[in-house]
Every structure is written in C-alpha cells, then in structure tokens.
Amino acid sequence: MDYFNVKRIWLLILAIVMSYPSFANQTPQQKESPSVVFINPGSKDDPFYRLVDRFMRASAEDLGVDLEVIYGNRNHIQSKNDAVKVIMREKLPDYLFVINIKKNMLDVLPRANEKGIKIFLFNGGLIAEDREKHGFPESKYENWIAEYIPDEIQAGYLLGKNLIDSAIEKNMVADDGILYVAGIGGTRKTTSELRIEGLRKAVSEYPNVKIVKLAYGYWEKDKAEFISEQVLKQFPQLSVIWNASDGMALGAAEAATTMGRTPGKDIFIGGIDWAASAVEGVNKGELSSTVGGHFMDGGWGLVMVNDHHNGIPLENVLAQSKFSILTSDNIGEYKKHFGDGNFDDIDFTRFSKSHNPDIKKYNFSLQEMLGQLNSSQ
C-alpha cells in the first residue's frame with residue numbers, strides 16, 4: 001500500500017473519531033455543566049439573601065450551571081433539614097452550596113461527603129473549636145472542596161480608614177488635638193468581633209485618633225440610634241461613628257441629625273453590608289460609606305465550581321473574599337449598573353478560567369466588575 005493510500009485511511013479514521021460528540025463538541029476545558037443546590041438561609045424577601053440569590057442566578061445563567069435554591073426562611077434548623085433532604089435524594093446534585101449558621105451545617109459535611117456530593121461552604125464557615133472534629137476542606141472530608149469566607153477584619157479596617165481619613169480631611173479634631181471615634185458592634189462572639197478588630201487596626205495607624213466608646217447595638221437600628229445619642233452627649237466633639245452593619249449606621253445617622261450634626265460635613269458615619277437603604281444613604285450624603293460585596297460570594301463561588309467541574313483546580317481550598325467600599329466617588333456608577341438589584345449585565349464567563357485560559361488568578365473586585373461593564377458599553 002503506497003503512502004497516499006495509508007494517509008487517506010488515517011484521515012478517514014480521524015474524521016470518524018472526531019465525528020463523535022465526545023470529541024467533536026468538547027475540548028479539555030469543556031464538559032457537562034454541573035448541578036448545584038444552594039441552601040439559602042434567608043427568604044425571597046430577605047434584603048441581604050435576596051441579593052445573594054439574584055447574584056447567584058445571574059452567574060448560573062451565564063455559566064450554564066443548573067442551580068436550585070431552597071429557602072430556609074431565617075430558620076437554621078430548617079436549613080439543616082433541607083440540606084439533609086437533598087442528601088437523601090435518589091438523584092443527587094454535583095455540588096451543595098451551604099452557609100454555616102449556628103453550627104447547623106456541621107453534621108451535613110460528613111453526610112454529604114459520604115454520598116459523594118461536593119460541598120462549597122461560603123459566607124459562614126467553621127470556628128476554631130470545630131476544626132478538631134471536622135478539620136479543613138479536603139482534609140477529613142475529601143468532597144468538602146472549599147471554604148470561602150469574607151475577610152471580616154478587612155471590612156472593619158476598610159470602613160475605619162475611610163471614616164477617619166474623611167474626618168481628618170475636614171480637620172475634625174477635638175480641642176485636645178485628638179480625633180474621637182465611636183464604634184457600634186453587633187453582638188459578641190459573631191462576625192462583629194472581627195469587624196471591630198479591623199476598626200482597632202485602622203485606629204492604631206493614627207497617633208492622634210482614639211476610640212472613646214465601643215458599644216453593642218445588637219444589629220438593630222433603634223439601639224444604635226440610642227447609643228449614638230448618648231455618645232454624642234458625652235463627647236460633643238465626636239467625629240466618627242463606625243458601625244458593624246448598615247442598619248445600625250442609618251440609626252446613628254438619624255441620631256446625629258437629631259443632635260444637630262450634619263453627616264458628611266461635621267461627623268462621618270458608615271456601615272457594612274451594601275444594604276439597599278445604605279447605598280441610597282451614601283448617594284444622598286447621609287452616610288459617608290458602606291462596605292460590602294460579600295453577597296456576591298455565592299455567584300463567584302459558582303464561577304470557581306464550574307471551573308472545578310471542568311478540571312481546573314481551585315486556587316485555595318480555604319480562601320477569604322475581599323470587601324469593597326462605596327463612597328461618593330463610585331456610588332453613582334454602582335447605582336447605574338446595579339441600583340435595581342439586577343446583575344444580568346455582568347458577563348460571568350469573562351471571570352472564568354475555563355472560558356479564558358489566560359486567567360491565572362481570579363479577580364472578583366468591584367473595580368474589575370465595573371471595568372468589564374464599562375468596556376462592554
């Protein structure tokens with residue numbers, strides 16, 4: 001058989017092989033989209049978890065992820081039971097997205113692991129005392145693939161720096177040359193403590209800044225309003241009221257106004273969460289800033305999980321998401337794109353490694369996201 005006939009035979013064999021879907025329609029970076037069940041601790045009307053839900057749905061739509069959301073309605077026992085029901089299904093999902101609240105997902109980890117369901121834990125992780133029994137992702141439970149938790153210390157630090165710098169710019173120091181700061185935390189032994197640690201870190205970088213009062217508002221607007229009134233009476237030259245949540249920040253702003261102060265001019269107030277009311281507060285000048293973005297962690301988690309399903313290893317199995325800050329400098333742009341809580345304009349595939357092999361490290365920052373939106377217009 002001559003060379004040309006051999007070549008024709010091999011070309012024919014190659015054409016037949018390539019005609020099969022597994023070869024013709026796929027590359028090493030493409031395979032069937034994953035199925036994901038998300039146990040949402042909130043409800044469809046919950047301000048924070050509604051944003052988590054919307055962002056995840058927008059991400060899933062772009063990536064082709066089969067996403068199912070089950071609502072716990074702020075009942076951590078119900079959320080645990082819902083997760084167990086998913087594990088007991090005849091047809092199991094590829095991935096289970098859960099948020100650990102009051103240790104409700106600790107028993108879910110080994111049960112899902114045993115069934116071969118890959119677990120992505122985000123927003124609320126394990127505390128130190130639970131590590132001895134349950135360990136870290138991919139240590140004791142091989143199917144627990146990741147823990148992606150917000151850097152709460154960074155959130156408190158970012159807010160503290162912004163408020164202090166704003167007050168310094170306006171020369172809002174007391175007669176003794178000290179800039180007075182008050183902090184209102186949520187509750188003890190929660191993320192509030194880490195956020196307060198971030199505030200302390202920010203204050204430590206300024207020789208003439210002092211925390212004169214630190215109290216707990218139990219995440220309630222009314223309590224924060226009352227605390228702020230008392231602190232302003234005690235320290236009339238107070239320049240900054242730092243809050244561990246946006247709701248409490250709005251209460252502090254109301255108290256300052258009642259006491260004859262003008263937020264954004266002679267007192268600087270901010271919070272954490274990017275709650276819609278706080279975003280509007282920044283837009284109106286009632287708040288100096290709001291720190292947030294952690295409601296996006298589930299959507300970015302879907303980007304990472306979709307890549308993982310396509311054979312791309314996670315960068316870190318134990319990782320922290322970073323917060324961003326909204327101020328008068330960027331609030332207009334944020335509201336322009338997301339003011340209605342709609343995230344459909346984001347092209348999530350542009351953040352995916354399986355769709356963009358040149359991406360070496362994920363960048364889920366607000367700046368990157370707004371840059372992508374602006375470049376596509």
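The protein has 14 helices and twelve strands, taken as DSSP runs (H or I of at least four residues for helices, E of at least two for strands) and numbered from the N terminus. This is a predicted model, in which local features need pLDDT of at least 70 and side-chain atom pairs pLDDT 80 or more, while totals for chains, interfaces and linings use all residues. Residues are numbered from 1 along each chain as its sequence is written, and side-chain values use heavy atoms, without hydrogens or water.

Start with the overall form. The C-alpha trace spans about 100 × 45 × 35 Å along its principal axes. Of the 377 residues, 52% are buried. Buried means under 20% relative accessible area, exposed over 50%, and partly exposed in between (1.4 Å probe, protein chains only).

His294 gives a local view. The residue sits in the loop between β10 (289-292) and α12 (297-309). His294 is buried, at 6% relative accessibility. Leaving aside residues up to four places away in sequence, His294 touches Phe48, Asn123, Pro150, Arg195, Asp273 and Phe323.

Now the charges. Side chains of opposite charge can pair when their charged atoms come close. The structure holds 17 salt bridges, each a side-chain nitrogen of Lys or Arg within 4 Å of a carboxyl oxygen of Asp or Glu. One joins Lys322 and Asp151, at 2.5 Å from N to O. Lys322 lies in the loop between β11 (318-321) and β12 (324-326), and Asp151 in the loop between β5 (144-150) and α7 (152-169), so this pair ties together parts 171 residues apart in sequence. Lys322 is exposed at 51%, whereas Asp151 is buried at 10%.

Another salt bridge pairs Glu280 with Lys335, the closest N and O atoms being 3.0 Å apart. Glu280 belongs to helix α11 (residues 276-284) and Lys335 to helix α13, so the bridge ties together parts 55 residues apart in sequence. Both ends are partly exposed: Glu280 at 26%, Lys335 at 27%. Elsewhere, Lys103, Glu129 and Asp130 are linked in a network of salt bridges.

Finally, the surface. Glu61, Asp340, Asp344 and Asp345 gather there in a patch of negative charge. Such patches take residues with over 30% relative accessible area and no salt bridge, joining like charges within 9 Å. Asp344 lies in the loop between α13 (331-338) and α14 (366-375) and is exposed, at 55%.

Note on methods
Patch = residues over 30% accessible without salt bridge, like charges linked within 9 Å, V, L, I, M, F, W, Y side chains within 5 Å. Areas by Shrake-Rupley, 256 points an atom, 1.4 Å probe, with all protein chains shown as cover. Lys, Arg positive; Asp, Glu negative; His and termini not counted. Charge placed at Lys NZ, Arg CZ, Asp CG, Glu CD. Contact = heavy atoms within 4.5 Å.
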